[in-house]
Amino acid sequence: MPHSVLAVTSQGPVLGTWQHTTARFLGIPYAQAPVGELRFAAPVPPEPWTEPLDATRYGPTAQRRPFILDGPTTIPEPSIPGDGTLNLNVFTPDPHPGADLPVLVWIHGGGYVAGSAASPWYDGSTFARDAIVLVSLGYRLGIEGFLPLEDAPDNRGVLDWIAALTWVRDNIEAFGGDPGKVTVAGQSAGGGAVQTLMATPSAHGLFRAAISESGAVRSPQHRRDALADSARLTEITGVPARAAALRDLTDDELLALQDALATPEAGLTLAPFADGELIPVPVPDAFADGSAASVPLLLGFTEREFYPPPGSTPTPVPTGVVDAVLTGHGLGPEAVTAYAALREGTDPTHRIGQALTDAIFRGPSLALAESRAHHELPTWLYHFTWGSAAHCVEIPFAFDLLDAERVTAATGPHPPQSLADAMHGAWVAFVRDLDPGPNWPRYTDKRRTTMVWDTVPETLDDPLSAERRIWTTPPTTP
């Protein structure tokens with residue numbers, strides 16, 4: 001039976017529960033509730049408390065409305081009401097100071113407008129089982145987190161990530177973790193968050209390694225592009241892009257404004273951008289010029305991130321859509337022509353699915369790996385090809401949670417435990433040792449070794465050479 005366990009943070013004591021071999025502390029505030037004057041402000045540290053804080057259930061989520069549960073890869077992501085959304089969860093096998101365990105900080109995905117740290121897919125008990133402390137965190141989403149406003153700091157969601165990492169640095173020792181052994185990790189928008197933090201100088205020193213799974217960042221990412229979104233919001237809705245005009249709106253009213261910006265052509269609009277101060281330059285530029293954090297990095301993607309679900313009715317794709325997607329993500333005319341030749345003869349619906357997969361995930365990650373290899377930085381690349389190889393499907397393998405809710409809806413029946421053992425084992429080794437193990441060599445500009453996660457995992461040299469050449473062609477200037 002679960003029983004209580006106490007830890008003492010710099011703000012005050014927190015009361016969690018032991019379940020099997022894991023102590024769980026849920027919903028711990030790392031910043032004050034972002035309401036009223038703080039709704040669009042930089043995160044403010046919590047007020048201290050003296051009585052033990054109940055940390056036995058997940059705290060409120062910034063997500064008020066999840067993505068529609070449609071398709072085989074959907075993560076169960078609860079929306080939990082309440083104001084104190086800037087909270088985090090700690091899973092540890094040893095909630096006592098001095099244990100000096102490595103720490104994995106997980107940032108959830110959801111396109112920067114949705115997602116929940118309370119998902120059962122992010123349960124940290126399997127990492128705790130393997131002597132790693134896992135921390136999962138919530139952050140401001142959508143307009144509250146990322147729309148530039150005249151009278152508010154830019155990239156408030158990024159400031160939230162930094163505030164949570166600062167809390168980890170200052171408090172994780174109380175839970176058995178070593179603040180000098182922190183790896184930051186995430187998937188999709190969470191993977192993009194990892195890349196963004198690596199390009200954010202004020203976050204450097206808060207983590208010693210990074211994992212980016214199917215990382216997605218805004219493209220283009222200059223401040224002028226984000227300001228254009230603010231101007232478009234005012235043009236469409238008549239509401240000024242000012243915190244003073246938005247602060248008192250209800251969640252539903254703010255979501256309605258958010259919907260007005262969310263056109264298919266817009267892509268990731270409400271997402272981190274290079275504001276010139278917190279994030280000095282766009283993420284790809286930071287990796288190319290070597291200003292991004294030089295910590296060990298493990299990154300990769302799935303083979304068919306944005307394909308239509310198996311068995312679904314093909315949707316007609318208008319002529320030119322694929323070219324527009326590719327051009328919008330920086331490919332020049334020659335590269336677009338080369339990409340068309342690479343996909344010649346494929347079904348139009350799958351062609352757009354693969355174009356989105358490559359434009360948002362595989363292409364940028366390949367370019368990032370190339371930049372890291374050029375600077376001779378420790379990098380490991382993977383390509384997940386098992387099963388549907390769709391967006392998110394690799395998460396329960398990395399977490400070794402194949403029995404979690406809705407996993408078989410994403411994977412089909414009987415997902416191979418051997419693959420979860422191998423993938424989770426590599427993640428554990430990387431967090432613990434800064435290297436996923438001898439069976440997975442680094443990605444270099446000489447061999448470009450890539451781990452292919454399939455029923456029988458194997459490493460191949462440059463298996464995506466054609467795609468790499470296309471996506472590492474110098475991009476067009478936006």
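**Confidence**

I began with the confidence scores: the protein chain has an average pLDDT of 93, and 94% of the residues score at least 70. Here pLDDT is the predictor's confidence in each residue, on a scale from 0 to 100. I then noted that residues 69-73 have a pLDDT below 50, and that this stretch has 13 contacts in the model beyond near neighbours in sequence. A contact means heavy atoms within 4.5 Å. Where pLDDT is low, the predicted coordinates should not be read in detail.

**Ground rules**

I kept in mind that this is a predicted model, in which local features need pLDDT of at least 70 and side-chain atom pairs count only at pLDDT 80 or more, while totals for chains, interfaces and linings use all residues. Residues are numbered from 1 along each chain as its sequence is written, and side-chain values use heavy atoms, with hydrogens and water left out.

I next examined strand β11, residues 379-384. Strands (E, at least two residues) and helices (H or I, at least four) are DSSP runs, numbered from the N terminus. I found 6 of the 6 residues of β11 buried, where buried means under 20% relative accessible area, exposed over 50%, and partly exposed in between (1.4 Å probe, protein chains only). Thr379, Leu381 and His383 point one way from the strand, whereas Trp380, Tyr382 and Phe384 point the other way; all are buried.

I looked up the pairing of β11, taking two strands to pair if DSSP finds at least two bridges between them. Strand β10 (residues 297-302) pairs with β11 in the parallel sense over 6 bridges, and Leu298 stands opposite Trp380. Strand β12 (residues 449-453) also runs parallel to β11, joined by 4 bridges. There, Trp453 is the bridge partner of Phe384.

**Asn89**

I turned to Asn89, which lies in strand β5 (residues 87-92). Asn89 counts as buried because its relative accessibility is 1%. A polar atom of its side chain lies 2.9 Å from the backbone nitrogen of Gly27. Leaving out residues up to four places away in sequence, I listed the residues that Asn89 touches: Phe25, Leu26, Gly27, Tyr58, Ala117, Leu134, Val135 and Ser136.

**Pro43**

I located Pro43 in the loop between β3 (22-29) and β4 (53-54). Its relative accessible area is 21%, so Pro43 is partly exposed. Beyond its neighbours within four places in sequence, Pro43 is in contact with Ala31, Leu86, Arg140, Leu159, Asp160 and Ala163. I also noted a separation of 7.8 Å between the C-alpha atoms of Pro43 and Arg156, which are 113 residues apart along the chain.

**Backbone geometry**

Most residues other than glycine have a negative phi, and most peptide bonds are trans.

Ser188, in the loop between β8 (177-187) and α4 (189-198), has a positive phi near 60°. Ser188 counts as buried because its relative accessibility is 8%.

Ala389 is not a glycine either, yet its phi is positive, about 50°. I placed Ala389 in the loop between β11 and α12 (395-398). With a relative accessibility of 0%, Ala389 also counts as buried.

The peptide bond from Ser219 to Pro220 is cis, with omega near -5°. I found Pro220 in the loop between β9 (209-213) and α5 (223-237).

Terms used: Polar contact = N/O pair within 3.5 Å; in protein donor to acceptor, adjacent residues only side chain to side chain.
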